[in-house]
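Me: I've got a model open and I'd like to learn how to read a few of its features. Can you walk me through them?

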Amino acid sequence: MSKSILVIGAGITGVSSAEWLRRDGWEVTLIDRIDPGHPDQTSFGNAGLIARGAIIPVSVPGLMAQAPAMLLNPNSPLYLRWSYLPRLLPWLIPFLRNGNVKKVTEIAAGLAALTNDSVDQHQALSAATPAAAFIQTGEYVNLYTSKADYDADPLSSSLRKDHGFDPDYINRAEILERDPNLGPTYTFGTVYKDYGWLSSPGDYVAALFGHYQSQGGHFKRGEVADITAGENPSITLRGGEKLTADKIVLSAGAWSSLLTKKLAPKVKLEAERGYHVSMFNPNFTAPNPYMITDSRFVLTPMDGFLRAAGVVEFGGLDAPASSAPVNLLRKQMKKVYPNLEFEYDEVWMGRRPTTPDSMPVLGESPAAPNVIHAYGGQHIGLTIGPRVGRMVADIAADRRTNVDLSAYKVDRF
Ligand SMILES: Cc1cc2nc3c(=O)[nH]c(=O)nc-3n(C[C@H](O)[C@H](O)[C@H](O)COP(=O)(O)OP(=O)(O)OC[C@H]3O[C@@H](n4cnc5c(N)ncnc54)[C@H](O)[C@@H]3O)c2cc1C
């Protein structure tokens, strides 16, 4: 009889894990309180970028000094709900401390090991499934107000180059040749080849899930209230129902920390909240995804709409969405595409699961066996989801993974 496994959380991480485990012969039950592809998942509303080269964490040298001014600047994409600060501090202090050259260099290596083949990993997971139709491939362009702006961050450029992400440079004339609609603010660009993006991230997750179910994968609707590790691991759903299996995977995104207290009490995970504005039926679209570097958001051409997604807001899991980040994205879009018109827009807030060192948590804690942790994808959780899912299947089968797991250890905090 095949071994059984419960996967908690059906965002990109959980669905990818469940599907790779199913292909490996496990009897898999995926559990979520909502359907995969639902707007309450972070996997629904992201920028859709398969961000192979996104290996630089948010906390970099200088952030600690700049953060107070950024928080006061209404045009900066960093927000804090001040009442949340006391609860944020145990996470924020190590997060800011990690913004030094040595640590950022280590983090870039740890993330590159997960991102470098991410387009291939998405293609391998979705091959011969309806999800494959959502994967687009092409170039990714970072837009700068000047070459000096690009030159002002030599650490990021040199780390990217060290890991094989060496862009071509384009000037204003070349930018306009590729995209005549871009506003005058952007005069310099870097072009990364062999990128990927999704034309509808929520539909992609739903399509992967549909395939998993059609091949015999199970789904249970419910909210997990408790996890018990050990010889016979189990979960208890809100309402009291108990489910047991040979192994459990915890992949509940930013909510995972609520379930780690008995398993790995020191895990530090914060909801790094972000926003999108999706502009439907625009009068033109973008030729490729852009990083708008001065405003720090990604603009992606999607299926019938353009999506601007970004912003970092600290305010916890449960606080309602704020209006200021959305207004800022709308204002910045006018700078990018002054002549853009569209029928209507939709706005969204999601929660990136982020650790203080920006590395995911991946593996079992020796103190709480048979529970595999898989969360913490921060700004690149969509990118690395299929790769993480494949590694979860390796860990469950006790196979050696082709990436050294020590950087992602559960007990590192
Ligand atoms: C504005 C923005 C832009 C982004 N852009 C990109 C991008 O371009 N590229 C990229 O790679 N990443 C991007 N990200 C990050 C990425 O979206 C996330 O890292 C990723 O979606 C996390 O996936 P997940 O499966 O871990 O979590 P989620 O998608 O949040 O899924 C977690 C699931 O767990 C379920 N759950 C939680 N608790 C329980 C419980 N107790 N019981 C049952 N179910 C539970 C939830 O209902 C949810 O369905 C972006 C994020 C934001 C906010």
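Predicted model: local features only at pLDDT ≥ 70, side-chain atom pairs only at ≥ 80, totals over all residues.

Me: How are α1 and α10 packed, at what angle and how far apart are their axes?

Reply: In general, a packed helix pair is described by the angle between the two axes and the distance between them. Here, helix α1 (residues 12–23) meets helix α10 (residues 201–214) at about 25°, and their axes are 10 Å apart. Angles under 35 degrees count as roughly parallel, so α1 and α10 are roughly parallel to each other. Their crossing is left-handed. On the α1 side the contact uses I12, V15, A18, E19 and R22, while α10 brings V205, L208, F209 and Y212. Sorted by class, that makes seven nonpolar, two charged and no polar residues.

Me: And the ligand: how many residues surround it, and which are the closest?

Reply: The ligand has 43 residues around it, with G9, G11, G253, G274 and G381 the closest. Among the elements that each supply at least two residues of this shell are α1, β2 (27–32) and α12 (381–396). The shell's classes come to 18 nonpolar, 20 polar and five charged residues.

Me: What is phi of A128, and where does this residue lie?

Reply: Most residues other than glycine have a negative phi. A128 has a positive one, near 60°, and lies in the loop between α6 (118–126) and β5 (135–144).

Me: Where is N281, and what's its phi?

Reply: N281 is in the loop between β13 and β14 (290–292), with a positive phi of about 50°. N281 counts as exposed too, with 11 C-beta neighbours inside 10 Å.

Conventions: Residues numbered from 1 in each chain as written. Axes fitted to C-alpha atoms, helices over the stretch in contact; angles between N-to-C directions. Helix = DSSP H or I, 4+ residues; strand = E, 2+ residues; numbered from the N terminus. Parallel < 35°, antiparallel > 145°, perpendicular 65-115°, else oblique. Left-handed = near helix turned anticlockwise from the far one by under 90°. Contact = placed C-beta atoms within 7 Å. Nonpolar A, V, L, I, M, F, W, Y, C, P; charged D, E, K, R; others polar. Near = placed C-beta within 6 Å. Buried ≥ 20, exposed ≤ 12 C-beta atoms within 10 Å, placed from the backbone.
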